[in-house]
Amino acid sequence: MAEAADGLVVPGVGAFEAVARQLATVRGGAIIEKRLTGSRPVLGICVGMQVLFEHGVEHDVRTEGIGVLAGTVTRLEAPVIPHMGWNTVEVAEGSTLFAGVESERFYFVHSYAAREVPDALTTTADHGGPFAAAVERGVLAATQFHPEKSGDAGAALLANWVGSLS
């Protein structure tokens, strides 16, 4: 069913290793890779974004991710962890995910993030340094923030993603 759906959302709350392990038990990585290869849309949210990367490092434990995005998710280097609450994002030029979004403030709850994403259009935010707040590459989109908790801006972003489904 997940392979044939118009769109697949990979949500996530919790630790990278736990989410990666649970996805592996249901062949989640293979399903996501097959969807992307077949140009079928995928949206990752929070840890659902993080597990799309090659690796995650939490509490000195390195865990293999799905690997559809290059890079490693590591702990934020900020005076206050977790990064919890509203923050502004610097929308990447050419973003379709953020098209027409009136606000650039979104709700974050995380302690880990990817810093650089060489193979995707990257929208950034800053908390102790810049990090990837959202990425877009073809039919793959992902947000470190929670659009479902981000009011009208998050609803507009989700409407953009749903509107891209065919």
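What joins the side chains of Arg115 and Thr74? In this predicted model, the link between the two side chains is a polar contact of 3.1 Å.

Arg115 sits in the loop that runs between strand E8 (112-114) and strand E9 (121-126). With a relative accessible area of 28%, the residue is partly exposed, because that value falls between the limits of under 20% for buried and over 50% for exposed. Leaving aside residues up to four places away in sequence, Arg115 touches Thr74, Arg75, Leu76, Glu77, Pro130, Phe131 and Ala132. Leu76 is 39 residues apart from Arg115 along the chain. Distances involving Arg115 are listed below.

| Partner of Arg115 | Atoms concerned | Distance |
|---|---|---|
| Thr74 | side chain to side chain, polar contact | 3.1 Å |

Strand E9, at one end of the Arg115 loop, belongs to an open sheet of 5 strands in the order E1-E2-E11-E10-E9, with mixed pairing. Strand E1 (8-10) and E9 are the edge strands; each has a single partner strand, so one side of each lacks a neighbour in the sheet. From one strand to the next, the twist averages 20 degrees.

Within this sheet, strands E10 (residues 130-137) and E11 (residues 140-143) run antiparallel and are joined by 4 bridges. Glu136 stands opposite Ala141 in E11. Helix H4 (residues 151-163) packs on the sheet, where the helix touches E1, strand E2 (42-45) and E11. The direction of H4 makes about 155 degrees with that of E2.

Notes. Residues are numbered from 1 along each chain as its sequence is written. This is a predicted model: local features need pLDDT of at least 70, side-chain atom pairs count only at pLDDT 80 or more; totals for chains, interfaces and linings use all residues. Side-chain values use heavy atoms; hydrogens and water are left out. Helices (H or I, at least four residues) and strands (E, at least two) are DSSP runs, numbered from the N terminus. Buried means under 20% relative accessible area, exposed over 50%, partly exposed in between (1.4 Å probe, protein chains only). Contact means heavy atoms within 4.5 Å. A polar contact is a pair of N or O atoms within 3.5 Å; within protein, one must be able to donate a hydrogen and the other to accept it, and residues adjacent in sequence count only if both atoms are side-chain atoms. Two strands pair if DSSP finds at least two bridges between them. Axes are lines fitted to C-alpha atoms, for helices over the stretch in contact, and angles run from 0 to 180 degrees between N-to-C directions.
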